[in-house]
Amino acid sequence: MSTATGTTTGLVDRLYAAFDSPRRQMLLMVAIVVVMAVLPMLMGRYATTIMTNALLYVVLALGLNIVVGYAGLLDLGYAAFFAVGAYSIGILTVQFDWNFWLAIPPALVAACMAGVIIGGPTLRLRSDYLAIVTLGFGEIVRFSARNLEITGRASGLSNIPEPNFFGYVINSYVDFYYVFLLLAVIAVIASHRLYHSRLGRAWLYVRHDEDAAEAMGINRVRVKLAAYVTGSVFGAVGGIFFSVNLGAISPESFSFEQSVLILMAVILGGMGKIPGVILGAFIIILGPELLRELGELRLLLFAVVMLLIMLLRPSGIWPERRH
Amino acid sequence: MTEPVLRVEQVESFYGKIQALRGIDIEVAPGQIIAVLGSNGAGKTTTLKTISGLVRAQVGRIHFDGEDITRLPPHEIARKGVVHVPEGRHILKGLSVQENLELGSFTVRDPAVRRERMADVFERFPILSERRHQDGSLLSGGEQQMLALGRALMHGPRVLLLDEPSMGLAPKLVTQTMRIVKQLNEAGTTILLVEQNVRLALKIAHYAYVLENGEIHNQGKASALAEDESIVQAYLGA
Amino acid sequence: MLLNLEQVTLRFAGNTVLDKVDFGVEANTLASLIGPNGAGKTSLFNSITGFYRPQEGRIEFAGERVLRRKPHKVTQLGIARTFQNVRLFREMSVMENVMAGMHCRTRAGAFGAVLRTPGQRAEERYIAEVAHDCMRFVGVDEYADRLATNLAYGYQRLVEIARALATQPRLILLDEPAAGLNATEKASLIELIRRIRDERGIAVLLIEHDMGLVMQVSERINVLDYGRIIANGNAEEIKNNPRVIEAYLGQEDEEMVL
Amino acid sequence: MPAFETFLQAIVNGLVLGSFYALIALGYTMIFGVIKLLNFAHGDVYMVGAFVGFGVLSLISGVVGAGWFGLGIAILVSMIAVGCLGVIIQRVAYQPMLSAPRLSILITALAVSLVLQNSALSLTDGKYTAFRTDLGFGGFEFGRLFISHQAVVLVAIAGLLMIALELFVSRTMYGRAMRAVSIDKDMCRLLGINVSRVVAITFLIGSGLAAAAGTMAGAYYGSIWYFMGFLIGLKAFTAAVIGGIGSITGAMLGGLILGLLESFGTLVPWIGSEWKDVFTFSILILVLVFKPTGLLGKSEVERM
Amino acid sequence: QDDAIVIGVQVPTTGSEATYGQDMYNAAELAAEEINADGGLLGRQIELINGDSACDPQQSVNAAGNLVSRDVLGIVGGYCSGATMPTLKTYGDEGLPFVITASNSTQLIPANPGNAFMINSTGADQSKKAAEFFESQGIERLAVIDQGDSYSQDLADLTVERWEAMGHEVVTRETVNKGEQDFSAVVSNVRSSGAEAVFWTAYYADGGLMIRQLRQGGFRGMIAVGDGSNSPQLFEIAGGAAEGVFAFSNPTAEFLPAAADFIDDYEAEYGQSPGPYAPLNYDGLKLLAWAMETAGTTDSAAVIDVLESTDGQSWLTGPISFTDENTLARSNFIILEGEDGAWTFFEN
Ligand SMILES: Nc1ncnc2c1ncn2[C@@H]1O[C@H](COP(=O)(O)OP(=O)(O)OP(=O)(O)O)[C@@H](O)[C@H]1O
Ligand SMILES: Nc1ncnc2c1ncn2[C@@H]1O[C@H](COP(=O)(O)OP(=O)(O)OP(=O)(O)O)[C@@H](O)[C@H]1O
Ligand SMILES: CC(C)C[C@H](N)C(=O)O
Ligand SMILES: [Mg+2]
Ligand SMILES: [Mg+2]
């Protein structure tokens, strides 16, 4: 029994090892991006829309990965940051007639502030307590969106104008596919650079041993806060473009289930590992779509598949492996 | 020599792919103190873990009282009376001294026996009685060591596996602990003792094994090893 | 005095762990802190480095008040430490471990990292340089790329020291650095401690139960018992101090009973 | 209705709701205690408990009726059956994950949750199932304060179960072993404790309590459906944390406090029921900011 | 041309509203079969594609993308307003005709790019009907409860506004969360507010629980529910407590004189009786087909033109013509009363 699973995991790991050198990883990435860039010409609208959605999740999952995977903070309310980005744009463009591009900086600032507000007082908490606080925060944001006039209450905001990029109106589904492809590429590069930086290492130190990190002169609250805020910027960017892509946003899009879905992408794929997280995002979005024909049973089957994946690869499909 | 209570035969153990033991043979005669010596990473701790079942022997056999215990899970080995006091004491954090001791007698059904043993432990280690309601993990190093020993005694062990009981103790306490170990032995408990403090260990042990790189490098009467120039060189330093 | 403690008192739930401790370390010296188990030695380290917050007293370092400062602030001021039970970042490489020490001496943030500014890149090079230097100094540079957890215990202790050195301290606190080391390793540790002072000009304060080592390296020994300083002086004085023998060392002939 | 009666009514309402929260929170806390898992499937175990209780009652109501006696049997059978289900879940989905990174097991828990939910969904077509009993709508009326007989009996049953659990944990060796297992599994093994049996017993009891709550809730509210465990599971999780996760008494206290908070939350004039959950979660966050380990959670003293 | 005319049916066939969704899908299928049996539409067969919205905004946008990419020529359906909302843009961008058969939140109106037509009366009509009914029953103090989603919140808001404009008092306005089981706090608020009537504006499932708990908690006043709760299942869940409850409802099959054949056909085909929204979806598909037939083409712009000028001819659910906002020109609400565990006709 052990030999059977042993050889399969061995194979997979050898495959990963083949892509362990930075050069090859780079090549792989470039190849993937090139393929992705021509894909809309081969795919129909439906497939393109789903891929757009998957790319959005890549951005969100990479953002959450900074919080959960790098800094080791369990966040069950990540959709809140996504919501802050989306609603900031919605409110500024719909209620105040701002230009989309002008609305982006305030949206990012709002997300950072949200990160500080929730992070500031609670980062001293242990992981499990932090989980419930973030969950609560996510729900507070959602309920507020549901109850406030300015967010359009339960119906949300609609008629969010399409962005105009130097005279070119970004509106077709193909346009948005490329927008999200670009965002995903930026997110990957940013994640990669952050990981290999002073701040990135500090996140790992704090995740591994807070006290030892502190004894090294690392301000753990500041470092965790930085993770929160960076993660919230990723989330907000996702939300900003999500809102203009859909043209309408409502509180249901930012539910606890949404947060959980993003978290699943991160952990299923492999916490802390960029290719793993990307893989996770694709599985989470494409999986249920591929099973769509099964109707009612599709989520059941999807859940079983997920369970099996985790049982076979407990650290995720492509985990962060260090040697 | 009488029939050994514990016999380790040709045991090999691994951590994943790393081999820690490469064919170990140890015999423990009843009523003796057997010292296991060796430098850092030699495999002393692994030997004890393999006996108590925390690490599974991939090759070889372990017999206790003539019965093969190689494949038994740790809690059943413990039930048979082989009690392992691990490196680092492992006091149960958040539980009081008394609760720690009580859990030592988890396998003891008779409450009267438990009470008797508790009284015995408190008599042996009065400081534990004094601190009985305090969180065990907040005791100082020496006190924790006594608690760990006391907890093992609650069990009524036939063989005690002690892993570096003097680690981190003040010089005075080191002597004291060794004395307790010797007393326990004199009261009838068989002891397998792993120690860095080679000089003291050889003083109280009857017989000793020297491990190097997962193998038995040397063995013999403790008094004889204490005289052996090469041993003195390697483990006693100056 | 580089480090100076006055009347430091620390209590836990009515249990007085440090009782009006007065104590000091001169710049550029080698000092030790010894005492029975539970005397409060580690607690004293924790109080100096900000992990514990004594209720009373004063702690000053190079003229700055350090009492009740956050641990990372204390490190920034120039006090580094190791832990009684090794606390490396186990799943990270030795190099990364040592780089951790440089965190408080550098400043690049998220923007620098994402944009790879020239300043950030220069800083990364500087961090790597210092880390290599510290690893060479303690003699673990050949393991730079190994995971800390895969190192032999003795080397792990050395990495911890290298990491502490990388914070560029003026005082380094070592908590039982020799525990679990064999004779040869102890000998080279003694050498290293001396070099830290001689070559780097860093004062060392060390907790140890190994009297051989303590007597060999310390210029000044302080003895703590039940949270009070009961003696201080040089090796000879301490060795013969009846209170210290009574509380800590024990009679040589006690061993005879065995 | 005069203010005082409103106040009393809110207490009564809060106690009923709080009892359900507490029963579920207990399982959360116990399971967290032994394997450090936030068992997201726990709310769905409660749901399954409701359906099993309903099934049993439908089967036996022809013989014994659907009164208190029948319901009692349904609760008992559901507790046992679902308790065993809990053990099976633990063995299949959690046991193999114990040596994996801590968050991985969270995902298997979520997967189990989805499996339970969607199985129930397929079996019931997503419809609400009416849970009929003969318990009647009677109650005690004091002025305009109304306390239904059902509420009284259910709170009493919940109370008894909690007392029994408390006694088990604090008085028996197994209870003590449960706490020990949560601290250091290997050490427990060396002490002769069969760790995997202790974990199994914990799941048995935790899931059993959830099943009792599920069946009782089904009878009390009158209908059950596949998604009923989701929200209450989150609330129970919240309750467990407010009380201090890992603490049994904390879970009970947390459950009752949350129940009361929610029932008073809608009373506060400038809050209104649409802000009720914002109110509750804000209080939760405040509690944790000032008492970072929950009300009764032990603060972790680190020795360094 | 032998190619089939592909029409998308966007209803929730999975998720919490799957019962309604499946039912609506069946009704559309029935209508399509009838047309196909009659020689088809413009000489071509109609083919339906299921665009499962799952009553979830994101899922329904995906489903809409799927429909569009499979070259549908029109869409019927739309049950949950919240899920219908973001799909307006998807279809609007393609200029496809969209007959919205059930969703009726007034929030949909401003979001409509002009290609969508609502054949169920909106919340505005319903709130008017409700307010007038309460007034006619001599109610003065009203409690309104919604479920915090687009549809029920919209209906509640509109009712409150109208009721207060009519000079009456809303004594309490409550919101409960979907999926919550315990409404005791809301019940005591209602009781202490001294409300004479309660208006539940949300769906039947939680509505059943609410009615039960209101009665169990000692509320003795009038209870009325909106068209999200006109399901017969309300009685199962609420048990005896739903006796005497009033419902404002779109015309359901059993109260439509013209629907006798429809009911028979539906039951013959699917072995159960058509649910509350089957007739509307049946009409939706027929209306779209009629518009294509009239336009003589499947060209979207032409079809939309025809729909805009729909002349008020009679369908299963009554005559259909549209306002400037593309909503149903008349109010189609009827009032039902719960009696012996079933809905009976109360008044028009
Ligand atoms: N958990 C583990 N995973 C991998 N390797 C291990 C593990 N524990 C021990 N080892 C390795 O097994 C070998 C034997 O270790 P062991 O702990 O038995 O040595 P020891 O003689 O007790 O040493 P010490 O004196 O340091 O306690 C060492 O090479 C060590 O690195
Ligand atoms: N966080 C804490 N909470 C409560 N009591 C503590 C705490 N930390 C230490 N103590 C108590 O303070 C006393 C001193 O402990 P400390 O660890 O400083 O001793 P030590 O001198 O370092 O001993 P050792 O040589 O065994 O390491 C002990 O009695 C211990 O129980
Ligand atoms: C009752 C239904 C006609 C209302 C529909 N579910 C909506 O959301 O608008
Ligand atoms: Mg060892
Ligand atoms: Mg110490």
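Q: What radius of gyration does chain E have, and what would a compact globule with 348 residues have?
A: Keep in mind that this is a predicted model. A compact globule with 348 residues would have a radius of gyration near 20 Å, and the value for chain E agrees with that. Along its principal axes, the C-alpha trace spans about 70 × 40 × 35 Å. The radius of gyration for chain E is 20 Å.

Q: How much of chain E is buried?
A: Count a residue as buried if its relative accessible area is under 20%. The accessible surface of chain E comes to about 10400 Å², with 44% of that belonging to carbon and sulfur atoms. Of the 348 residues in chain E, the buried share is 68%.

Q: Among contacts in chain E between residues at least 6 apart in sequence, what share joins residues at least 24 apart?
A: Chain E has 13 helices and 14 strands. Take the contacts between residues at least 6 apart, then keep those at least 24 apart, and the share is 70%.

Q: Why is strand β7 of chain E largely enclosed by the rest of the structure?
A: Strand β7(E) covers residues 169-175, seven residues in total. It is largely enclosed because the number of buried residues among those seven is five.

Q: Which residue in β7(E) is the bridge partner of Arg141(E)?
A: Strand β6(E), residues 141-146, pairs with β7(E) in the parallel sense over six bridges. Together with helix α7(E), residues 150-165, these two strands make a right-handed β-α-β unit. In β7(E), the bridge partner of Arg141(E) is Glu169(E).

How values were computed:
Residues are numbered from 1 along each chain as its sequence is written. Chains are lettered from A and ligands numbered from 1 in the order in which they are written. This is a predicted model: local features need pLDDT of at least 70, side-chain atom pairs count only at pLDDT 80 or more; totals for chains, interfaces and linings use all residues. Side-chain values use heavy atoms; hydrogens and water are left out. Buried means under 20% relative accessible area, exposed over 50%, partly exposed in between (1.4 Å probe, protein chains only). Helices (H or I, at least four residues) and strands (E, at least two) are DSSP runs, numbered from the N terminus. Two strands pair if DSSP finds at least two bridges between them. A crossover is right-handed if, with the strands pointing away from the viewer, the path from the first strand over the helix to the second runs clockwise. The radius of gyration is taken over C-alpha atoms; the globule rule is 2.2 Å times the number of residues to the power 0.38. Contact means heavy atoms within 4.5 Å. Accessible areas come from the Shrake-Rupley method with a 1.4 Å probe; for residues, only the protein chains shown count as cover.
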